[in-house]
Amino acid sequence: MRSTGLHHVDLVVSSIERSLPFYSQLLGPLGFHTVSEVMGERGETIWYLGGPGTAIGLREAQTESGSYDRYRIGLHHVAFEAGSRAQVDERAGWLRTQGVEIESEPQEYTYLPGYYAVFFYDPDGLKLEIVHVPGLYAA
């Protein structure tokens, strides 16, 4: 039985002016079509990009702690589900046109049968992934 899913993930970014357009353009074709603003616990604005069954929150950093390191305690990477291999390839093409650093071009991985993904970095160096696994959530 499939879980009802992850409700949301909030990411702290260095510049909302840079990151909000990046994530909106990256995730729009994956079904993240709504953007809403919510007040955070410190009075800061959090921008939520609503997608299929989940949301990604973006909030601007309030403290300086150096650059992101995915091997410190915290977030290693975020994977977004694509509806097809073609959608993974299309998003990889978009990343290239934006000059985004791609860690691994779209290819199959041995994690699960048919696991097809591209790995790349957001403007702050957070590792992201777009993945398609055929039949993974079929009823």
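**Close-up views of the predicted model**

**View 1. Arg91 and Glu90 pair up as sequence neighbours.** Arg91 forms a salt bridge with Glu90, and their closest N and O atoms are 2.7 Å apart. A salt bridge here means a side-chain nitrogen of Lys or Arg within 4 Å of a carboxyl oxygen of Asp or Glu. Arg91 counts as buried, at 3% relative accessibility, while Glu90 counts as partly exposed, at 40%. For these labels, buried is under 20% relative accessible area, exposed is over 50%, and partly exposed is in between (1.4 Å probe, protein chains only). The structure is a predicted model in which local features need pLDDT of at least 70 and side-chain atom pairs count only at pLDDT 80 or more, whereas totals for chains, interfaces and linings use all residues. Residues are numbered from 1 along each chain as its sequence is written, and side-chain values use heavy atoms, with hydrogens and water left out.

**View 2. Arg59 reaches Asp10.** The structure holds eight salt bridges. One of them joins the side chains of Arg59 and Asp10, at 2.7 Å from N to O. Arg59 sits in strand β4 (residues 55–60) and Asp10 in strand β1 (residues 8–13), so this pair ties together parts that are 49 residues apart in sequence. Helices (H or I, at least four residues) and strands (E, at least two) are DSSP runs, numbered from the N terminus. Arg59 is buried, at 13% relative accessibility; Asp10 is partly exposed, at 26%.

View 3. The side chains of Glu103 and Lys127 meet in a salt bridge at 2.9 Å, N to O. That pair links distant parts of the chain, with Glu103 in strand β6 and Lys127 in strand β8, 24 residues apart. Elsewhere, salt bridges that share partners join Asp10, Glu41, Glu44 and Arg59 into one network.

**View 4. The four-stranded sheet.** This open sheet has the strand order β5-β8-β7-β6, with mixed pairing. Its edge strands, β5 (77–81) and β6 (102–108), each pair on one side only. Neighbouring strands are turned by 15° against each other on average, direction ignored. Strands count as paired if DSSP finds at least two bridges between them. Axes are lines fitted to C-alpha atoms, for helices over the stretch in contact, and angles run from 0 to 180 degrees between N-to-C directions.

**View 5. Strand β7 and its partners.** Six of the six residues of β7 are buried, so this strand is largely enclosed by the rest of the structure. Tyr116, Val118 and Phe120 point one way from β7, and Ala117, Phe119 and Tyr121 the other way. β6 pairs with β7 (residues 116–121) in the antiparallel sense over four bridges; Ser104 has Phe119 as its bridge partner, and Ile102 has Phe120. Six bridges join β7 to β8, also antiparallel, with Tyr121 opposite Lys127. β7 and β8 form a hairpin with five residues between them, and Gly125 in the turn has a positive phi of about 90°.

**View 6. Two helices lying across the strands.** Helix α1 (residues 16–27) lies across β5, β7 and β8 (127–132), running at about 10° to β8. Helix α2 (residues 85–97) lies across β6, β7 and β8, at about 160° to β6. Contact means heavy atoms within 4.5 Å. Confidence is highest in α2, at a mean of 98, and lowest in β1, at 92. These values are pLDDT, the predictor's confidence in each residue, from 0 to 100.
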